Amino acid sequence: MALGIASVHRHRLLHSRKFRLTLIYLCLFSASVLVLFGASYWMATGAVSRQIEATIDAEIRGLAEQYSQRGTVGLIEILNGRMRAGDPSGALYLLADPAFRPLAGNLDGWPFEQPDADGWVTFPLSDPDPTVKRAQYGRARVFSLSGGLHLLVGHDVAERVRIADSIARLLAVGLAVTVGVSLLGGFLMSRSLLREFDRINQTSREIMAGDMSRRVPQSGRGDEFDQMAANLNAMLDQIERLVAGIKQVTDSIAHDLRTPLGRLRNRLDRALVEDADGAACREAIGRAIDDADHLLKTFNALLSIGQAESGAPRRNFEPVDLGALVTDVVDLYEPVAEEKGLFFIVDAGSGATIKGDRALLFQAVANLMDNAIKFSAAPADGANGSVGLALGTEGEAARITVWDHGPGIPEDQRDRVIERFYRLEASRSTPGSGLGLSLVAAVARLHGGRLELADNSPGLRAELILPAAQR
Amino acid sequence: MGIISANPGAGQPPRQGMDLESDMRILVIEDDAEMAGYIAKGLRQAGFFVDVAEDGSDGLFQAVREPYDLAIVDRMLPGLDGLSVVKALRSAGQQTPVLFLSAMGDVKDRVDGLRGGGDDYLVKPFAFSELLARVEGLLRRPVASRPGTVLRVADLELDLRSHRVARKGEPIDLKPREFKLLQYLMEHQGQVVTRTMMLEHVWDCHFDLQTNVIDVHMSRLRHKIDSDDHPQLLHTVRGIGYCLRAPS
């Protein structure tokens, strides 16, 4: 159902996208063709007009010369001669007497239109012979000759119209070709673009349908789409990892908290069934409260880990004097170590300051110290009974080392002990939640550092490496 | 009586001055009726007068109108939240000590609460004994906060200025942290002090420690101040914490 809707939606989107892209192409191409043709029309007609005007100017000069040499009669003869030659070029002549009555020429009457700034008159042509195709307008120059005669020499605009006609035809063909090409090009381009999007959409739908392992295929061309696909895939990998992590944590919580909850329930159940007297009942309730407290502690530890892993405490990072912090931890744990008969060896070094969350760092170091003391055997037979806490530097990073001579952690288990609730078989009988090292690792990551576990032969050497500079 | 009085073996009640507390009034501002009832019932059994307000504006109204010796305020309240209630209370000139209750336990929330006018902060869920110990601590705070004096419990003396400690005139050598711990206990003499309270005030440490580290420190301190030929001053209150008090 949901898939169906998505698919219909996709089709509409695809259609409109394709259409719009093509339309944009079309408009752009057509506009450029129009501009191109407009410019050529303007230039071509301009050139033709200038050429005609130059011819007319030359003609006028020639006729004026003839007139001055041969007089009116000579001029009329010349004009008649020109017209007899059957000039088809559209030349216009008219010689009129002082009252503007035509004497010679191929115009029916004198045009009285107002000449423009350059002395040119534009006038309509009344055509006596409709079979001869002529332009509807003429352009001419007018002269007043000595003796009161008027001379008009001009040209019809047929040439310009012809040019305009052919350019318009070219324009129509050009536009048709452009529209065709841009429709096809736009369609092809948008189709190939949308095919890329389709790959991504296809994968997204498969993932939404529940197949988290699907990835966007890459064309291998290394273009922007491949980069986008690679980024999406990296994001999906990250999400898959996080989801798997959450699942693992949820499973562990469900599994590991069921046991103490079951114990709590059984205890209360027994207290109810055994019909105990007041004291035994109180005893059972007291123990149930202890169980509940233990569960709450576990939840608090989980919350602390979750908080550190969320990265939220980074907002409140402040300079933390690690030297003072180590001294505080020593203050807190020295009596505990001594109580157990362990030597507490401290090397506070020259101190170091990093930006961080003091409370979480304190808790991390305290957890390491707590483990070291808890897993150290009391030196009953003069064995090596000591634990140590040292602050040093490693390049730009601060290094807090906690070591003991306890049983240590086998090499193949060192990655696993930082998982939530993971406990070594050997340590199942000792008190603890299996969350201590998970928190230390989370705090290290929060500070851009890491927790390294190594063999202290014998024992465990835990190193908390915290870079001074924060990203 | 609450859990504290169930402590047998003590020559006198672990808290001094029941008569002093019997007319002390406490306002509980908490929207969760079950939680409010739990707190109110426990405090009444311990001898306090308790009023409950179910939301922020009611609580603020009541706190301004009537003089209370202490207010217990939930951070998360419908309408006006706990922090705003306390800020309003403080800007109205009310200096009633405030104990915040909150389901939010991280350091920033705590700091916000204390900067916003709270005097102490307790994260839910909590043991009632923890709440009671803190309530009593807050009600006695003015006595404890006089600086530059000599604190006394029976023949035990702690000089805040010279940092010297003596029992029956005999000097006792304490490490700096032990001095701080004893000072805290003496400031709260006669009251039960929980392990969490000591961790918070002496070590500035706001989380659960995996083992009972505090007990080791207390046994050392006890060893130094309560030697065999003196009457015992430092008492363990089972399941709750410790209490430093003069013998009756």
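The exercises below, each with a worked solution, concern a predicted model.

Residues are numbered from 1 along each chain as its sequence is written, while chains are lettered from A and ligands numbered from 1 in the order in which they are written. In this predicted model, local features need pLDDT of at least 70 and side-chain atom pairs count only at pLDDT 80 or more, whereas totals for chains, interfaces and linings use all residues.

**Exercise 1.** Find the mean pLDDT of chain B and the stretch where the pLDDT is below 50.

*Solution.* Begin with the term: pLDDT is the predictor's confidence in each residue, from 0 to 100. The mean for chain B is 83, and 86% of its residues reach 70 or more. Next, locate the stretch, which is residues 1–21 of chain B, where the pLDDT is below 50; beyond near neighbours in sequence, this stretch has 35 contacts in the model, a contact being two residues whose C-beta atoms, placed from the backbone, lie within 7 Å.

**Exercise 2.** Determine how α3(B) and α4(B) are arranged relative to each other.

*Solution.* Take the angle and distance: helix α3 (residues 56–65) of chain B and helix α4 (residues 82–91) of chain B pack at about 25 degrees, with their axes 10 Å apart. The two helices are therefore roughly parallel to each other, the term for angles under 35 degrees. Then turn to the residues, where B:G56, B:G59, B:L60, B:A63 and B:V64 in α3(B) meet B:G82, B:S84, B:V85, B:A88 and B:L89 in α4(B). Finally, sort the residues of this contact, which divide into six nonpolar, four polar and no charged, with Ala, Val and Leu among those counted as nonpolar and Gly among the polar.

Technical notes. Axes fitted to C-alpha atoms, helices over the stretch in contact; angles between N-to-C directions. Helix = DSSP H or I, 4+ residues; strand = E, 2+ residues; numbered from the N terminus. Parallel < 35°, antiparallel > 145°, perpendicular 65-115°, else oblique.
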